[in-house]
Amino acid sequence: MSGRFTSGGAEAAFEAMRRELEEALRLSGPLTFMEVCGTHTVSIFRSGLRSLLPRGLSLLSGPGCPVCVTDRSEIDRAIELAEKGCLVLTYGDMMRVPGTSGSLLEARGRGADVEVATSAIQALPAARENPDRDVVFLAVGFETTAPATAAMLRQVRSGGIRNLSVLCLHKTVPPVMRVLCSVPGLKVDGFLLPGNVTVVAGEGGYAFLAEAGKAAAVAGFEPEEIMAALVDLVRQAAAGSYRIRAYRTRDVPREGNTTALRLMAEVFEPCDALWRGLGLIPGSGLRLGKDYARFDALGKFGLKSGAGPAEARDDGCQCGKILSGLLTPPECGLYGRACTPLNPAGPCMVSSEGTCGAWYRFNRQEAERWQ
Amino acid sequence: MSGALSLGHGSGGRLTQQLTQRILSRFGEARFPSASRRPDFQADFQMEDCAFIDAGCGACGSEDDGGGKTAVSIDGFTVFPHDFPGGDIGKLAVCGSANDLAVRGAEPLFLALSLIIEEGLDVAVLDRYMDSAAQAAGEGRVALAAGDTKVVPRGAADKLFITTCAIGRRVSPHVLRTSNLRDGDALILSTAPGRHGAALAAARFGLDAPGLTSDCALLWPALSPLLRFSGLRCMRDCTRGGLGTVLCEWAEASPLGIEVYETSVPADTETAAVCDILGFDPLYLASEGCALAAVAPEQAEECLVALRESPLCRDAAVIGRMISEHPRMVGMRTRIGGMRFVDMPAGELLPRIC
């Protein structure tokens with residue numbers, strides 16, 4: 001009966017790529033790459049690619065999950081706004097992230113008005129339908145979601161909408177990559193860059209990787225695209241010559257999406273931002289520029305502005321080290337015991353794209369806990 | 001488990017399991033005293049979609065076959081939105097309870113219906129939902145036997161909550177239950193999973209998916225031809241928690257593992273598109289007209305042919321099998337030839353960021 005289940009073409013084609021990768025690794029020796037983006041992490045697990053990686057190639061997950069890098073203090077602020085009576089809209093993943101005292105989901109359970117949105121644009125009808133209430137959009141994400149927030153804010157401004165503001169937690173990817181290149185103890189030979197961020201931001205922002213002697217390749221989220229990029233990364237490392245190439249079924253313009261970039265430049269300005277576990281990274285955040293400052297929920301509701309102090313709380317949560325590739329999930333003392341998807345201690349377990357969540361859901365060794 | 005209940009407790013995965021066990025533990029000997037000594041019945045109560053009882057002798061089944069001939073199930077419906085492409089809460093309430101009987105080889109015959117109505121509901125809207133409930137009942141030849149209505153103050157309910165209890169007669173010669181699963185059994189899925197959940201998610205999050213309709217339908221006509229197969233072990237409809245949850249529950253309830261073949265699982269393009277956007281996995285989205293059946297391998301091919309006779313099940317396929325490796329776990333052989341595990345969803349499904 002087993003013969004009926006072979007998937008034929010895809011499996012054979014993938015096996016050929018796997019052999020190519022093995023061949024390239026024989027020349028380069030053992031290598032470690034980091035996939036920066038959470039969507040890559042999930043794809044690598046879900047597609048079963050991880051189970052097919054040849055010996056000598058290690059993949060670490062990086063800080064590219066917007067939920068995971070959200071600091072506790074930022075969740076606290078959103079909860080504060082919801083409990084002040086604002087209608088808070090945010091992306092679904094943010095609902096379960098624990099702040100210092102509970103999550104937005106728990107705040108909703110206590111009666112606060114928190115709604116899930118799939119796009120920033122949904123804040124506009126929410127504001128229209130609730131003219132007597134203050135609506136706050138909790139804006140999270142990298143270059144992929146920031147343009148949507150910018151487009152929404154432009155409509156807020158031109159439409160004279162007064163009851164909608166934004167708690168802006170947007171971050172950008174290149175500055176954190178620069179930090180990762182110099183994290184002591186982190187041995188990474190190259191980076192797998194996310195196709196969707198690069199489509200918007202362009203490849204220019206990653207030129208420093210080659211200078212730092214790191215291989216880099218852009219890939220879409222299909223396992224074939226990821227595999228092709230891995231082969232390229234190994235070859236770059238073996239040859240010691242670095243040039244970013246893209247492995248996507250859709251073309252990535254090298255300069256990025258200029259419309260989105262212009263929109264972002266109009267609405268946002270760079271600021272220092274606090275990354276969970278990584279601390280304050282200069283120039284890695286986006287805040288509302290002067291023409292849009294009045295839509296900033298921080299100012300509007302008199303909340304403490306700017307990044308708070310780095311977390312002093314010590315509860316054993318190692319999300320910071322996980323996010324910077326210094327630890328893998330099973331090396332964290334809480335993982336699978338005090339920290340599970342049902343009772344997450346840190347954001348890496350909460351998010352559907354978080355490293356710990358992906359390990360927990362898809363990894364063979366971990367699934368064996370049910371035995 | 002402590003503090004306030006969350007929506008996750010209602011989503012059919014691990015949290016729901018904990019909640020159900022918590023409630024059951026309070027009944028102890030008080031639930032069906034005459035049957036509580038029967039280990040089969042205990043297991044069925046936890047695992048199966050409906051119970052077999054014998055009201056005549058006040059017990060839960062005769063000793064010889066491990067179950068009475070009368071089948072009973074109950075289900076509450078609080079779907080949002082009330083109207084969705086392919087159905088509404090009225091149709092869903094009838095199909096949902098009736099299907100719980102069908103998957104245990106019982107023909108649904110009677111329905112008890114309870115309505116909790118929020119003050120202010122337009123009577124024309126109620127008429128419409130009751131018309132579609134009546135239409136579904138008529139199609140399935142299920143007679144309304146008992147009913148109740150309550151109207152609660154505005155805000156105390158969301159327009160309309162419906163609870164239905166289906167009562168029927170066991171037709172299958174042997175009792176279908178999870179404990180029948182054997183090494184090598186083929187797992188047959190009746191149609192592409194997740195269409196109901198995807199249609200609701202699309203409506204909830206304002207996505208335009210013109211071709212996507214809920215699979216909400218009565219399963220009895222499609223499943224009853226399978227009952228003549230002696231190798232039919234058990235069936236489940238993949239409602240709350242989806243196919244993934246059913247697979248995990250079957251694996252955890254048996255000493256066996258499950259192997260699923262990704263490329264054999266029927267897929268619906270529109271469902272896949274909605275899942276792509278929202279970051280959902282069709283494996284965990286609810287279906288309301290999709291069943292998983294386990295059957296002895298030598299009868300799998302014939303079963304498949306019988307199932308495909310139904311227009312609902314044209315895409316039916318063998319998607320995996322029970323195996324002795326990795327006991328109590330569900331593994332998936334992926335399209336590219338890799339392997340990964342399938343876990344139960346942890347709580348409320350929430351759309352991801354990017």
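Buried here means under 20% relative accessible area, exposed means over 50%, and partly exposed is what falls in between (1.4 Å probe, protein chains only). The model is predicted, so to speak of local features takes pLDDT of at least 70 and side-chain atom pairs count only at pLDDT 80 or more, while totals for chains, interfaces and linings use all residues. Residues are numbered from 1 along each chain as its sequence is written, chains are lettered from A and ligands numbered from 1 in the order in which they are written, and side-chain values use heavy atoms, with hydrogens and water left out.

A:Glu74 and A:Lys171 make one of them, at 3.6 Å from N to O. That pair spans 97 residues, from helix α3 to the loop between β6 and α7 of chain A; helices (H or I, at least four residues) and strands (E, at least two) are DSSP runs, numbered from the N terminus. Both ends are tucked away: A:Glu74 is buried at 11% and A:Lys171 is buried at 3%. A:Lys171 also lies over the face of A:Trp275, 5.9 Å from the ring centre, where the rule asks for NZ of Lys or CZ of Arg within 6 Å of the ring centre and within 35 degrees of the ring normal.

Another bridge crosses between chains, with B:Arg335 meeting A:Glu222 at 3.7 Å, N to O. Here B:Arg335 is partly exposed at 27%, and A:Glu222 is partly exposed at 43%. Within chain B, B:Arg333 bridges to B:Glu259 at 3.1 Å.

On to the rings. A:Tyr91 and A:Phe137 sit edge-to-face, 5.6 Å centre to centre with 80° between the planes, and they join strands β3 and β5 of chain A across 46 residues. A:Tyr292 and A:Phe295 are tilted, at 6.3 Å and 50°, and A:Arg157 lies over the face of A:Tyr292 at 5.0 Å from the ring centre.

A:Phe137 turns up again in the largest nonpolar core, which has 111 residues; along with A:Met177 and A:Leu193, A:Phe137 touches the most other members. Such a core is a set of buried Ala, Val, Leu, Ile, Met, Phe, Trp, Tyr and Cys residues joined through side-chain atoms within 4.5 Å.

Conventions. Rings of Phe, Tyr and Trp (its six-membered ring) pair if their centres lie within 6.5 Å; planes under 30 degrees apart count as stacked, over 60 as edge-to-face and the rest as tilted. A salt bridge is a side-chain nitrogen of Lys or Arg within 4 Å of a carboxyl oxygen of Asp or Glu.
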